[in-house]
Amino acid sequence: MVHVARNCVICSRLTSDFSYGVDCCNACKMFFRRHVVKESPLKPCLSGNEVCPPDTLAGCQFCRFHKCLQSGMTLEPLIPKPPLNDFIENLSKLDSYRYQILCNYYPIDPDLNVATVLFFKKVMYTEREPESQMNFTSWIYMSALATIEVMKKFPFVYLAKPGDQLILTRSSFMNVSSFCAAFRAYSSNQEVLSFPDGSDVLPYEFVSSRYEEIGNRIRRRLISKFVDLKINKDEFLLLLVLIFCNPALPNLSETGQILVSTYQNVYSSALFQYCSQKYEKCGPIRYTELLSVISVIGKHAEDVNNYFVISQLHGIDCFIPSIVEEGINLL
């Protein structure tokens, strides 16, 4: 069989290879495979603007990888798919890491933002003294930081463009934090959301019964859903990543949509596999029930936004840290 030489769709070298759905040279094939299989973070764009010219493409990991995605190289067959138990265990370790940061540390910088936590190599923390007091502001600040620290460890986040990383994180870290807090409360047989020290997740009560209803929904809605579905720890962990693995977010780039939708398929398949193994014939029904939690989280987020908008309209200062404001749609 005669192999006709064509130009590599990534770097334009002549090649007779066809790999991962496109004509590409062996060097680009191995480059793409290495970063997906080893889940290796990309070095920042050499040009600083995410668009390197073709003659410098080979030397820029960032632009070369995203050119691979734009050119149609198939991602999903290369994504590591460990045994389900190992995958759940890895998620459990990440959740434990989040909780450890939340409960035991405080950052040296008291005014971090989302971009700093995402793009700095390491946020510096100091260990909290057992007797140190935490108020509403410090708890929501630490909840945001601990959640973002975990979110940035997922490959569909750290392989994405910086703009996409910000979109993914800002749109979801409040939801992820609330989801984790709700499961902790549910596991402890609590009826309302609270911070780890038992204090209220809302800073004050409105006099109006209408606004009091919003506060009660914020405190109770997610926990009530967990009670209704009797969600276990494994299901919580498998749902956790799907909350922010959302390719339908506005303004995601083309490669951002490819990355997120591909990983979403992988994580959804893991949840379906779990349901099929544990519930057998009822697996598809359970899978659908669990996915319904995501819509409840969306309603919870609307209530949180409304609560803080109302506080603005009443001229009440909740002392919300700037990093938290990035995740709330204030006026």
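Modeller: On a 1 Å grid over the protein atoms alone, a cavity is a set of points where a 1.4 Å probe fits but cannot get out; a pocket is an open set with protein on both sides within 12 Å along at least five of seven lines, and lining residues have an atom within 4 Å of a point. This is a predicted model, where local features need pLDDT of at least 70 and side-chain atom pairs pLDDT 80 or more, while totals for chains, interfaces and linings use all residues. Residues are numbered from 1 along each chain as its sequence is written, and side-chain values use heavy atoms, leaving out hydrogens and water.

Colleague: Thanks! Which helix gives the largest share of the lining of the second largest pocket?

Modeller: That pocket has a volume of about 500 Å³. Of its 32 lining residues, Ser143, Ser177, Ser178, Ala181 and Phe195 are the closest to its centre. At least two lining residues each come from α3 (84-104), α5 (136-151), α7 (162-187), α9 (233-244) and α11 (283-313). The largest share, eight residues, belongs to α7.

Colleague: Which residues does phenylalanine 156 touch?

Modeller: Contact means heavy atoms within 4.5 Å. Leaving aside residues up to four places away in sequence, phenylalanine 156 touches Leu168, Val241, Phe244, Cys245, Leu259, Val260, Tyr263 and Tyr267.

Colleague: How many disulfides does the structure hold?

Modeller: A disulfide is a pair of cysteine sulfur atoms within 2.5 Å. For cysteine 11, the closest cysteine sulfur is that of cysteine 25, at 3.6 Å, which is too far for a bond. The number of disulfides in the structure is zero.

Colleague: Is cysteine 60 buried or exposed?

Modeller: Buried means under 20% relative accessible area, exposed over 50%, and partly exposed in between (1.4 Å probe, protein chains only). Cysteine 11, at 25%, counts as partly exposed. Cysteine 60, at 0% relative accessibility, counts as buried.

Colleague: What value is phi of glutamate 280 near?

Modeller: Most residues other than glycine have a negative phi. Asparagine 189, in the loop between α7 and α8 (209-229), has a positive phi near 60° and is exposed at 71%. Glutamate 280 sits in the loop between α10 (254-279) and α11 and is exposed at 60%. Phi of glutamate 280 is also positive, near 55°.

Colleague: How far apart in space are glycine 21 and methionine 73?

Modeller: Glycine 21 lies in the loop between β3 (18-19) and β4 (22-23), and counts as partly exposed at 44% relative accessibility. Glycine 21 and methionine 73 are 52 residues apart in sequence, while their C-alpha to C-alpha distance is 5.5 Å.

Definitions and conventions:
Grid points are joined across faces, edges and corners, and a volume is the space filled by probe spheres set on the points. Helices (H or I, at least four residues) and strands (E, at least two) are DSSP runs, numbered from the N terminus.
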